[in-house]
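Student: Could you take a close look at the aromatic rings in this structure and at what surrounds them? I would enjoy one connected walk through that part.

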Amino acid sequence: ETRVIAVEPAASPSLTKGVYAFDYGDSAQMAPIVKMHTLGHTFIPPGIHSGGLRYHGASPLVSALCAKGIVEAASCQQLDIFKAAVLFAQCEGIVPAPESSHAIKAALDIARQDKKGKCIVFNLSGHGLLDLASYDKYLHGELKNYSYPSKEIKRALKDLPKV
């Protein structure tokens, strides 16, 4: 009954809106071609505040697990992850990195839906001490949600390598 969920930003939705295909690991086409969920190596990430998640592809291992249905994929909006992060910081005294806050948001959603008292485990992979300016922008209403447009994803996927 274990569920594993890979959570990503709606602004860089490689697992939830990308394709499982061979692609370059970088936009310069210098890195090896690997099979992964990708938005295309020409994908240009928006200026969201989860910097580590502004990449065109997902890990080949995570991608394979998602493709086989072993791991689920979900995406979250930027304002929702910061709201979850602030709640977590208030409750736990730890300011999480925005990247980690995607997992926190998903864990909170599951906890709110499932009242059976199941054990929920998530990965808190980093603190947000270097992201305090982003928290300040969130708290002052300067951030906005962004969903990467499907037409832009289709455009970037046209440049996948022919393998």
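Tutor: Gladly! Let's begin with Y148, which counts as buried because its relative accessibility is 6%, below the 20% cut-off. Keep in mind that this is a predicted model. Y146, by contrast, is partly exposed, with a relative accessible area of 31%. Ring pairs join Y146 and Y148 with F43 in a cluster.

Now for the wider picture. Searching the whole structure gives 5 aromatic pairs. One of them is F82 with Y138, a stacked pair with 5.5 Å from centre to centre and 20 degrees between the planes. This pair connects distant parts of the chain, since F82 sits in helix α3 (residues 78-92) and Y138 in helix α5 (residues 132-139), 56 residues apart. Both F82 and Y138 are buried. The pair of Y146 and Y148 is edge-to-face, because the ring centres are 6.1 Å apart and the planes lie at 70 degrees, over the 60 degrees needed for that label.

F82 also leads us to a helix contact. The axes of α3 and helix α4 (residues 98-113) come within 8 Å and cross at roughly 80 degrees, so α3 is roughly perpendicular to α4. On the α3 side, the residues in contact include F82, along with I81, A85 and F88; on the α4 side, P98, I104 and L108 are among them. Sorted by class, this contact of α3 with α4 has 9 nonpolar, 2 polar and 3 charged residues.

Definitions and conventions
Residues are numbered from 1 along each chain as its sequence is written. This is a predicted model: local features need pLDDT of at least 70, side-chain atom pairs count only at pLDDT 80 or more; totals for chains, interfaces and linings use all residues. Side-chain values use heavy atoms; hydrogens and water are left out. Rings of Phe, Tyr and Trp (its six-membered ring) pair if their centres lie within 6.5 Å; planes under 30 degrees apart count as stacked, over 60 as edge-to-face and the rest as tilted. Helices (H or I, at least four residues) and strands (E, at least two) are DSSP runs, numbered from the N terminus. Buried means under 20% relative accessible area, exposed over 50%, partly exposed in between (1.4 Å probe, protein chains only). Axes are lines fitted to C-alpha atoms, for helices over the stretch in contact, and angles run from 0 to 180 degrees between N-to-C directions. Angles under 35 degrees count as roughly parallel, over 145 as roughly antiparallel, 65 to 115 as roughly perpendicular and the rest as oblique. Contact means heavy atoms within 4.5 Å. Ala, Val, Leu, Ile, Met, Phe, Trp, Tyr, Cys and Pro count as nonpolar, Asp, Glu, Lys and Arg as charged, and the others, Gly among them, as polar.
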